[in-house]
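Thanks for asking me to look this one over. Here are my notes, point by point, to read with the structure open beside you.

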Amino acid sequence: MLVSKSEKNLLRLAQGQLNSLSLCPRLFQYRHLEQLYSFTNPEQEAKQALGSKFHLLMQQREMGLPIDEILVDDPQLRSWIEDLSEVAPLIFISNPQVFRESEHYRTWQIDEYLLSVIYDLLILTTDQAQIIDWKTYPEPLSKKRLEDSWQTRLYLYVLAETTTYPPEAISMTYWFFQTGGKPTCATIRYSHTLHEQIKRELSRLLTKLSGYLAEFNQQKQFPQLPEGSKLCQSCAFASRCDRVATSADYVTVDRSPTNSSQEQQYTTSLDPGINAVDSNLLDFDAVEEIAL
Ligand code: SF4
């Protein structure tokens, strides 16, 4: 749920909302204000369940809880964890001088918005801050897409704003786990220039959102993309937007305010018969955030 009454009616925004808003304001309205979600197919559900289990395991391991019994019954998870310890053994080594926390939650307020992030793993040394994110994608995303995503930008931005680390000391590393291959990683390094750029972009986006919300309260819908936009062809709401003749599968779900960290756990479905043009744009925030 977008609005958190427990936090003085601030509008809580996670990366999923920012991604939606950047892609298409009307998409933001459907997903995050009207709570319309498309159905997931069984294959997507199975992938999400596996990703969720992996995140939970890594969290349990970080907390010092036993995971061996779970791994015995799940060769895929066992292989991912064994492979990770082989290619990145340092991730598994604790050091009393180093702060480490799994599922680390942080917020940063800008005006009436509460930007929120959950780091899969945060590692803080005296002079370096490292955000780690687990991705159980079928294949790794390009570095450009990672750099452009609001997950990367928001996660780095919030850490820089809420700690004393200079931006140059902050980085974010994505680890990709696939079936039948060793885990691979991509690291995005932060900088003062990038921080200022993201600050300006956030300001611009949030100012627009405030305008859309004011109009929404006057019964006016958020703007759509222009007719003929490629993104509409792979959007689950194309039918609702009168952009294609076929119907899309979506459903209204009830989400409590306390579950905002799980707001990215939905998927967009592609209409059969429609080419998946630019579907990656929609996929990014649809599949990557596995909530626990
Ligand atoms: S169909 Fe197009 S205009 Fe409508 S929500 Fe999707 S992307 Fe936006």
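Leaving aside its neighbours within four places in sequence, which residues is L156 in contact with?

1. **L156 and its contacts.** Beyond those sequence neighbours, L156 is in contact with I170, M172 and Y190. Please keep in mind throughout that this is a predicted model.

2. **The largest nonpolar core.** L156 also turns up in the largest nonpolar core, a set of 52 residues. Together with L154, Y155 and L159, L156 touches the most other members of that core. Helix α7, residues 150-162, is the element that gives the most to this core, contributing 8 residues. As background, nonpolar side chains in soluble globular proteins tend to be buried together.

3. **The chain as a whole.** You will find 10 helices and 9 strands here. The chain has 292 residues, and 34% of them count as buried. Among contacts with a separation of 6 or more, 69% are between residues 24 or more positions apart.

4. **Around the ligand.** There are 14 residues around the ligand, and C24, Q224, C232, C235 and C241 come nearest. The elements giving two or more residues to this shell are α2 (25-33) and α9 (230-233). Of the elements, α2 gives the most, with 3 residues. Sorted by class, the shell has 10 nonpolar, 2 polar and 2 charged residues.

5. Helix α5 runs over residues 75-87, which makes 13 residues. From first C-alpha to last, α5 reaches 18 Å, close to the 18 Å expected at 1.5 Å a residue. L77, W80 and I81 are buried in α5. These three cover an arc of only 90 degrees around the axis, so they sit on the same side of α5. The face turned away from that buried side carries P75, E82, E86 and V87, which are exposed. What do the buried residues of α5 pack against? Their partners are α3 (42-62) and α4 (68-72).

6. **G16, buried or exposed?** G16 lies in helix α1, residues 15-23. Taking 20 or more other C-beta atoms within 10 Å as the cut-off for buried, G16 counts as buried because it has 26 of them within that distance.

Definitions and conventions: Residues are numbered from 1 along each chain as its sequence is written. This is a predicted model: local features need pLDDT of at least 70, side-chain atom pairs count only at pLDDT 80 or more; totals for chains, interfaces and linings use all residues. A residue is near a molecule or strand if its C-beta atom, placed from the backbone, lies within 6 Å of it. Helices (H or I, at least four residues) and strands (E, at least two) are DSSP runs, numbered from the N terminus. Ala, Val, Leu, Ile, Met, Phe, Trp, Tyr, Cys and Pro count as nonpolar, Asp, Glu, Lys and Arg as charged, and the others, Gly among them, as polar. The expected span of a helix is 1.5 Å times one less than its number of residues. A residue is buried if 20 or more other C-beta atoms lie within 10 Å of its own, exposed if 12 or fewer, and partly exposed in between; C-beta atoms are placed from the backbone. The arc is that of the directions from the helix axis to the C-beta atoms. Two residues are in contact if their C-beta atoms, placed from the backbone, lie within 7 Å. A nonpolar core is a set of buried Ala, Val, Leu, Ile, Met, Phe, Trp, Tyr and Cys residues joined through C-beta atoms within 7 Å.
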